[in-house]
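User: I'd like to go through this model with you, a topic at a time. Could you keep the terms clear as we go?

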Amino acid sequence: HRPVFPSPLRLSTTKMKRGHDDIMVSSAGLNTVLCCSCGVPMVPNQTMRCAQCLKAEVSIIEGISRQVALPRCRNCGRYNRPPWTKAEPESRELLGLCLKRVKGIGKDVRLVDASFIWTEEHSMRIRVKITVQKEVAASSVLQQTMVVEFQVVNQQCEECQKSFTPHGWNAIVQVRQKVPHRRTLCLLEQLILKNDAHSKVISLKQTPEGLDFHFGQRSHAQRFADFIGNCVPQQAKNSKQLVSHDGSSNVYNYKYTILCELCPICTDDVVYIPKNHSTHLSGCSPLMLCHKVSNAIRLVDPRTLRSWDVPPFVYFKRPFDIVCSRSHLTEFMVLNVDLVEQTYQGTAPKHHVAGKGKWAVGDVELARVSDLGVNDERIITRSHLAGILRPGNHVLGYDLRCVNISGIDSTAIDDQNLDIILVKRQYKNKRKARKWDLKRLDRQKDDGEQNVEDDEDLEQVKRDLEEDEELRKGVNMYKVDDEPEGKARVAGEEEDDEEDEDFPEVPLAELLEGLVLRDDEKIASNPFDGLAGDAAQSSTDMATS
């Protein structure tokens, strides 16, 4: 057999001419063609153009608006979304509000990124840099960036229009309390500021009988009345008055009124529980001390330290009378304190015990401060404050021997054999310059009306806040600079040289920034923020002022 040798490889000498649309194999193994505009190798697509040529020849931002008008209310600072919405400068809310007004962004043109560009505060311009994408061909996505300028246009929202128009309100909440003081209203005002419950209030009018809150919608007034009921025991009454009607279209316009009658019983009042009502409270004593008023009336027996909670509907169904209030308080000096061991029938109660463990029942020997140096009369009474009193302390209480009780069955009171009811401790060197202050709601007053002075009642509320740590949790207190001594003193009080070591003071950690006091005026922004704003914006404005 002859060996078979392979034939030599023959190479073609003819060269192949490569056309413009011929396909080439890249080093990475991908098929590439030349761009029909610039001749650069590229991955083939329907347009047969590279990315740089597409950017130069195709524009996907032609249909997107570059200048947009942005309505804003000059009075309250809200933007028309709609509805009118509060938005801080360069916030996510404001960015979303601006992007919704840009036309041309949809399913074809997708928004990828957006950010603010700094502009001067008073230029009335807002500039936003946006990045969009669009698929110009199969598997070809083009991305471009542009700047949209928003022109802030001043308008007036409906709520501000009603606030500047007399009788423009639609609903009113009248808060009334039949007592000679306004302490409850002052404390309620602080609770409203704390919880921002006044955001929908159009205007506030102060009257000698109470406060009138005006609203633009009935639902806002009803929600506000429910908030008051959660803070203070009340009895609400609803009424409406026909303003106009259209008989052809059967449309009636009403103005609604909600009367919130607050419970007249206040903190530190002594109340008389009738015999028929005492049976519903598990046989409580005829005379009880009110130590707290919140969403219920909290009573305590000063002799046994037992406490009861009276809900609002129970009180207004069976109301009880007030025997003594703070105007009848008498100052005593503590001479001796003897604690008394309490005995219970069965297990000792762990709940509904007033005082949070600080109070204790004991016999306290007292002497009236006005009798010191005049006579040697001493009184021994049983009190629930024996745990916090020490010999030499001053205490405020009610001397029932000097109180004229008329219209009340005094037989049960005489059987109780209680002459002195101690209420709270009195501190020496009562008030120094405070390092904090409280905000107030902006009130409106008609021409010719008499001013309602509540400075003394507000001072009583401040003293209660200093002495009650739990009460301070529901109130915003703001740090202020040191005031002159003349302003810090209360009229009619003289400061003593002595001062109690355990004088209650508000810790600086509980104070908030944002309130500035000057010698002649108090600088604070409108708590309504244009009669329709919120308290958070007010704090920001005060900090910048």
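User: To start, does Tyr-315 count as buried or exposed?

Analyst: Tyr-315 counts as buried, at 5% relative accessibility, where buried means under 20% relative accessible area, exposed over 50% and partly exposed in between, with a 1.4 Å probe and protein chains only. Please keep in mind that this is a predicted model, in which local features need pLDDT of at least 70 and side-chain atom pairs count only at pLDDT 80 or more, while totals for chains, interfaces and linings use all residues. Residues are numbered from 1 along each chain as its sequence is written, and side-chain values use heavy atoms, with hydrogens and water left out.

User: How many aromatic pairs does the structure hold?

Analyst: There are five aromatic pairs; rings of Phe, Tyr and Trp (its six-membered ring) pair if their centres lie within 6.5 Å, and planes under 30 degrees apart count as stacked, over 60 as edge-to-face and the rest as tilted. The rings of Tyr-254 and Tyr-256 make a tilted pair, because their centres are 6.2 Å apart and their planes stand at 45°. Tyr-315 and Phe-316 form an edge-to-face pair, at 5.2 Å centre to centre and 75° between the planes.

User: And Phe-316, what is its relative accessible area?

Analyst: Phe-316 has a relative accessible area of 21%, so this residue is partly exposed.

User: Which charged end sits over the ring of Tyr-254?

Analyst: That is the charged end of Lys-240, 4.5 Å from the ring centre; a charge sits over a ring if NZ of Lys or CZ of Arg is within 6 Å of the ring centre and within 35 degrees of the ring normal. Lys-255 likewise lies over the face of Trp-169, at 4.4 Å from the ring centre.

User: Switching to sheets, what is the order of the open sheet that has E18 and E19 at its edges?

Analyst: The five strands have the order E18-E17-E16-E15-E19, with antiparallel pairing; strands are DSSP runs (E, at least two residues), numbered from the N terminus, and two of them pair if DSSP finds at least two bridges between them. Strand E18 (307–310) and strand E19 (321–324) each have a single partner strand, so one side of each is left without a neighbour in the sheet.

User: How many bridges join E16 to E17?

Analyst: Four bridges join E16 to strand E17 (residues 297–300), and the two run antiparallel, with a hairpin of three residues between them. In E17, Leu-299 is the bridge partner of Cys-290 and Val-300 is that of Leu-289. Strand E15 (residues 270–272) pairs with E16 over three bridges, also in the antiparallel sense, and Tyr-272 stands opposite Leu-287 in E16.

User: Which residues touch the most other members of the largest nonpolar core?

Analyst: Of its 30 residues, Val-270, Val-364, Leu-366, Leu-389, Val-395 and Leu-422 touch the most other members; a nonpolar core is a set of buried Ala, Val, Leu, Ile, Met, Phe, Trp, Tyr and Cys residues joined through side-chain atoms within 4.5 Å. E24 gives the most to this core, with four residues.

User: What does Leu-366 touch?

Analyst: Not counting residues up to four places away in sequence, Leu-366 touches several residues, including Phe-332, Val-334, Ile-379, Val-395 and Leu-422, where contact means heavy atoms within 4.5 Å. A second, separate core of 26 residues includes Val-173, Val-201, Phe-224 and Val-232.
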